[in-house]
Amino acid sequence: MPKKLLLLPPLSASSAFRVPRARPAPPPAMNAARTGYRVFSANSTAACTELAKRITERLGAELGKSVVYQETNGETRVEIKESVRGQDIFIIQTIPRDVNTAVMELLIMAYALKTACARNIIGVIPYFPYSKQSKMRKRGSIVCKLLASMLAKAGLTHIITMDLHQKEIQGFFSFPVDNLRASPFLLQYIQEEVRNHHFTISLCPSRAQSYAERLRLGLAVIHGEAQCTELDMDDGRHSPPMVKNATVHPGLELPLMMAKEKPPITVVGDVGGRIAIIVDDIIDDVESFVAAAEILKERGAYKIYVMATHGILSAEAPRLIEESSVDEVVVTNTVPHEVQKLQCPKIKTVDISLILSEAIRRIHNGESMAYLFRNITVDD
C-alpha cells in the first residue's frame, strides 16, 4: 500500500527565518490566594496593645498599619493603612474596662478588612466579653450568642480565645472556635514559684480537681455562700411573679418547691499548716475570694494563693486584695491590669503570648492544633 505524504507549501523568503513570538503569560486569576498574613491590633489605647506587641515579636512580624480612635461624638473610627487583599488577617483584641468600645472596635475593624478583600479574618480574643451572660435570666437575653452573631456578620471566619467561662459557648458560633487553655502556664508557675505546695482548694471544683490530679496534690473544697455567685431566682423558674387573688385552674395544684437556704461558708478538708491555692477562670469581684481566704486562715492555712486566667479586677478589687489574707493573686495577661498591679503588689502576671503566637502560626500554615491541646481532657 503506498504511503500517504503530507506536502507543505514552500517557505517564502520573508518567512524562511522567522522566529515565532512567545505568547504572553495569562494574567493571574483574580481569586488567587496569597500566602502572606498580617497581625492587627484593634485597640485604641496603648495599654491594650502590649499583648499584641508580644505576640508579633514571637512571630517575627510587625503590627499591621491601622488607626483606631474615637471621634469627639463618641463614635469609633477604624482606618486600614495597607493592602490586605488575599491575606490571612489576625485581629488581636484585648478587652479593657470599657467593654462596649472594645467590641465596637473589633466589629468595625473586621468589617473594614472584609470590605478590603482579606481572605480570612481571625479574631484573637483571649478574654471573650459577655461570656457570663450565656444563660437566660428571667426576661433578659443570651447576650453572648448575640455577640457571636454580630462577629460573624462583621466578617470574622475564625476565633482564638482562652478559657471560656462556659465551654458550651462555642456552640453559639457559626465558624470554628479554638478555646485554648492557660492551665499549663499556671501549673508551671505553681511548680516553680510555690514551694512545698500541699493542697489545692477552689471555688470551681472541677478546675481545682484538674490541677490537683496533674500536680499529684490533695484536694479540699470550699462550700457555702461564697461558692455560688449566681442567684437561683434569676433562671426564670419564678416568672411570672406570684399575683394576689390570681385565678387558678380548678384541679391544678403544683407541688410547692421549698426555697433554698445556703449554709454558711465552710471548708471540706484539712488545710492546717498547708498552702492553699484557690483556682478559678475569672477574678472580677473579689468578695468571695476574700471571704474564702478568711475562712482558710481561721482553719490554719499557711499561705493562700488565688489563680485565674482572666484578671478583670474591677472596682475596689486591688484594695480589697491588699487588705485581705490573700498572699498572692496570679493571673495571665489576657486582660490588661497594669494599673491594678500598681495599686496592689500582690498581683502577679503570667505571660501567655507564647501559645497565642503558636496558634496563629499553625492556623496560617494549615497545621493541626492538637499539639496545643495535648493532655487536655473534656473535663478541663
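Predicted model: local features only at pLDDT ≥ 70, side-chain atom pairs only at ≥ 80, totals over all residues.
Trainee: Where does R361 sit?
Mentor: R361 is in helix 9. That helix covers residues 353–365.

Trainee: What does R361 touch, leaving aside its neighbours within four places in sequence?
Mentor: With those neighbours set aside, R361 is in contact with L59 and E367.

Trainee: How far is R361 from Y37, going by C-alpha atoms?
Mentor: The separation between those two C-alpha atoms is 9.6 Å. Along the chain, R361 and Y37 are 324 residues apart.

Trainee: Which side chain meets R361 in a salt bridge?
Mentor: That of E358, with an N to O distance of 2.8 Å. Both residues belong to helix 9 and lie three residues apart, about one turn of the helix.

Trainee: And what does R362 form with E358?
Mentor: R362 forms a salt bridge with E358, and the closest N and O atoms are 2.8 Å apart. Here the spacing within helix 9 is four residues, again about one turn.

Trainee: Is R362 buried or exposed?
Mentor: R362 is buried, because its relative accessible area is 12% and the cut-off for buried is under 20%.

Trainee: Which other residues of helix 9 are buried?
Mentor: Besides R362, the buried residues of helix 9 are S353, I355, L356, S357, A359, I360, I363 and H364.

Trainee: How long is helix 9, and what comes after?
Mentor: Helix 9 has 13 residues and spans 18 Å from first to last C-alpha, close to the 18 Å expected at 1.5 Å a residue. G366 follows helix 9, and its phi is positive, near 70°.

Trainee: Back to salt bridges. How many are there in the whole structure?
Mentor: A search of the whole structure gives 13 salt bridges. One of them pairs the side chains of R38 and E82, at 3.0 Å from N to O.

Trainee: Where are R38 and E82?
Mentor: R38 is in strand 1, residues 37–41. E82 is in the loop between strand 3 (76–80) and strand 4 (88–92). The pair links distant parts of the chain, 44 residues apart. E82 is partly exposed, with a relative accessible area of 22%.

Trainee: Changing topic: how do helix 2 and helix 3 cross?
Mentor: The axes of helix 2 (residues 99–115) and helix 3 (residues 143–154) come within 8 Å and cross at roughly 25°. The two helices are therefore roughly parallel to each other, because angles under 35 degrees fall in that class.

Trainee: Which residues make the contact?
Mentor: Helix 2 contributes V103, L106, L107, A110, Y111 and K114. Helix 3 contributes L147, M150, L151, K153 and A154. By class, the contact has nine nonpolar, no polar and two charged residues.

Trainee: What about the protein overall?
Mentor: The secondary structure comes to nine helices and 14 strands. Buried residues make up 42% of the 380 residues. Among contacts with a separation of 6 or more, 69% are between residues 24 or more positions apart.

Conventions:
Residues numbered from 1 in each chain as written. Heavy atoms only, no water. Salt bridge = Lys/Arg side-chain N within 4 Å of Asp/Glu carboxyl O. Buried < 20%, exposed > 50% of the residue type's maximum accessible area, 1.4 Å probe, protein only. Axes fitted to C-alpha atoms, helices over the stretch in contact; angles between N-to-C directions. Parallel < 35°, antiparallel > 145°, perpendicular 65-115°, else oblique. Contact = heavy atoms within 4.5 Å. Nonpolar A, V, L, I, M, F, W, Y, C, P; charged D, E, K, R; others polar. Expected span 1.5 Å × (residues − 1).
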